[in-house]
Amino acid sequence: MATDITVRYFAGARAASGVDTETCAAGTLEELVGRIVDAHGERLERVLTACSFLVDGTQTRDRSLQLSPGAVVDVLPPFAGG
């Protein structure tokens, strides 16, 4: 079942999506990724191949993860520096 998820973009993902934050309906992380790629296109899709995700503060790369209603997903590309 799809529910409203808050998506926050950082660094290169923000540049590729053109937004800082948006709301999207999705039931799993995979569904969410598909919807944001549909909304923002190929440039974001390329960036997402290297991204990790924080779902309510917990890092995951498991795209089959079920998203809770009202979840916050942070899209984090690799960061340089330290």
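My entries below go from the whole chain down to single residues.

**Ground rules**

I am working with a predicted model, in which local features need pLDDT of at least 70 and side-chain atom pairs count only at pLDDT 80 or more, while totals for chains, interfaces and linings use all residues. I number residues from 1 along each chain as its sequence is written, and my side-chain values use heavy atoms, with hydrogens and water left out.

**Entry 1: the whole chain**

I started with the secondary structure and found three helices and five strands. For these I took DSSP runs numbered from the N terminus, with helices being H or I of at least four residues and strands being E of at least two. Reading along the sequence, I wrote down the pattern β-α-β-α-α-β-β-β. The radius of gyration is 12 Å, close to the 12 Å that the globule rule gives for 82 residues, so the chain is as compact as a globular protein of that length. That radius is taken over C-alpha atoms, and the rule is 2.2 Å times the number of residues to the power 0.38. The C-alpha atoms fill a box of roughly 35 × 25 × 20 Å along the principal axes.

I then looked at burial: 38% of the 82 residues count as buried. My cut-offs are under 20% relative accessible area for buried, over 50% for exposed and partly exposed in between, with a 1.4 Å probe and protein chains only. For contacts (heavy atoms within 4.5 Å), I took pairs at least 6 apart in sequence and noted that 54% of them join residues at least 24 apart.

**Entry 2: how the strands pair**

Next I traced the strand pairs, where two strands pair if DSSP finds at least two bridges between them. Strand 1 and strand 2 run antiparallel and share six bridges; one partner pair I picked out is Asp4 with Ala25 in strand 2. Strand 1 is also joined to strand 5, this time in parallel, by four bridges. There I found Arg8 bridged to Asp74 of strand 5, and Tyr9 standing opposite Val75.

Strand 5 also pairs with strand 3, antiparallel and over four bridges. Asp74 turned up again here, as the bridge partner of Leu54. Is strand 5 mostly covered or open? It is mostly covered, with four of its five residues buried.

**Entry 3: the nonpolar core**

I looked for nonpolar cores, meaning sets of buried Ala, Val, Leu, Ile, Met, Phe, Trp, Tyr and Cys residues joined through side-chain atoms within 4.5 Å. The largest has 21 residues, and Leu32, Leu48, Val73 and Val75 touch the most other members. At least two residues each come from strands 1, 2, 3 and 5 and from helices 1, 2 and 3. Helix 2 gives the largest share, five residues.

Beyond its neighbours within four places in sequence, Val73 is in contact with residues including Ile5, Val7, Leu29, Leu32, Phe53, Val55 and Leu67.

Ser52 lies in strand 3, which covers residues 52-55. Ser52 is buried, at 10% relative accessible area. Its side chain makes a polar contact with the side chain of Gln59 at 3.5 Å. For such a contact I need a pair of N or O atoms within 3.5 Å; within protein, one must be able to donate a hydrogen and the other to accept it, and residues adjacent in sequence count only if both atoms are side-chain atoms.

Ala71 lies in the loop between strand 4 (58-60) and strand 5 (72-76). Is Ala71 buried or exposed? Ala71 is buried, with a relative accessible area of 1%. Leaving aside neighbours within four places, Ala71 is in contact with Asp4, Ile5, Thr6 and Asp56.

**Entry 4: the cysteines**

Last, I checked for disulfides, counting a pair of cysteine sulfur atoms within 2.5 Å, and the count came to zero. Cys24 is buried at 13%, and Cys51 is buried at 2% relative accessibility.
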